[in-house]
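Student: I would like to learn how to read a model feature by feature. Could you take me through this one?

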Amino acid sequence: EILDSRGNPTVEAEITLAARPGMKLYACGFDGNRKFEVPTEPAGNGKIRFTAKNVTDQGAIVAYELVRE
């Protein structure tokens with residue numbers, strides 16, 4: 001079990017997704033609003049990789065949104 005700075009349990013997972021060039025990934029809170037853009041890295045074959053976290057300095061993350069802007 002990993003704990004955040006407040007002693008709350010946190011989970012992290014490395015995720016790879018298919019994504020077109022120029023797409024952006026956002027972390028979203030309980031209200032569905034975007035909290036911040038998530039950094040990604042190329043994973044080859046038209047895919048990206050990122051670390052998903054359920055607890056961040058900006059609060060709890062319950063969903064991720066991948067969009068073309």
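Tutor: Gladly, and let's begin with strands: helices (H or I, at least four residues) and strands (E, at least two) are DSSP runs, numbered from the N terminus. Threonine 51, for instance, is found in strand 7. Two notes before we go on. This is a predicted model, in which local features need pLDDT of at least 70 and side-chain atom pairs count only at pLDDT 80 or more, while totals for chains, interfaces and linings use all residues. Residues are numbered from 1 along each chain as its sequence is written, and side-chain values use heavy atoms, with hydrogens and water left out.

Student: How many helices and strands does the protein have?

Tutor: There are 0 helices and 10 strands. Read from the N terminus, the order is β-β-β-β-β-β-β-β-β-β. The C-alpha trace spans about 40 × 25 × 15 Å along its principal axes.

Student: What share of the residues is buried?

Tutor: The general idea is relative accessible area: buried means under 20%, exposed over 50%, and partly exposed in between, with a 1.4 Å probe and protein chains only. Here, buried residues account for 23% of the 69 residues. For the surface itself, accessible areas come from the Shrake-Rupley method with a 1.4 Å probe, and for residues only the protein chains shown count as cover. The protein exposes about 4900 Å², of which carbon and sulfur atoms supply 49%.

Student: Which residues does threonine 51 touch?

Tutor: Contact means heavy atoms within 4.5 Å. Setting aside residues up to four places away in sequence, threonine 51 touches Glu12, Ala13, Glu14 and Tyr64. Its relative accessibility is 32%, so threonine 51 counts as partly exposed. Across the protein, 63% of the contacts between residues at least 6 apart in sequence join residues at least 24 apart.

Student: How many aromatic pairs does a search of the whole structure find?

Tutor: Rings of Phe, Tyr and Trp (its six-membered ring) pair if their centres lie within 6.5 Å; planes under 30 degrees apart count as stacked, over 60 as edge-to-face and the rest as tilted. The search finds 1 aromatic pair. Its members are phenylalanine 50 and tyrosine 64, whose ring centres are 5.2 Å apart and whose planes are at 50 degrees, so the pair is tilted. Because phenylalanine 50 lies in strand 7 (residues 47-53) and tyrosine 64 in strand 10 (residues 63-68), the pair ties together parts that are 14 residues apart in sequence.

Student: Is phenylalanine 50 buried or exposed?

Tutor: Phenylalanine 50 is buried, at 4% relative accessible area, whereas tyrosine 64 is partly exposed, at 29%.

Student: What is the phi of asparagine 45?

Tutor: As background, most residues other than glycine have a negative phi. Asparagine 45 has a positive phi, near 55 degrees. This residue sits in the loop between strand 6 (41-44) and strand 7, and asparagine 45 is exposed at 81% relative accessibility.

Student: Where do proline 39 and proline 42 lie?

Tutor: Proline 39 is in the loop between strand 5 (34-37) and strand 6, while proline 42 is in strand 6. Proline 39 is exposed, at 66%, and proline 42 is exposed, at 71%. Leaving out neighbours within four places in sequence, proline 39 is in contact with Arg49 and Phe50. With residues up to four places away not counted, proline 42 touches Lys47 and Arg49.

Student: Which residues does arginine 6 touch?

Tutor: Not counting residues up to four places away in sequence, arginine 6 touches Val55 and Thr56. Arginine 6 is in the loop between strand 1 (2-3) and strand 2 (9-10), and is exposed at 57% relative accessibility.
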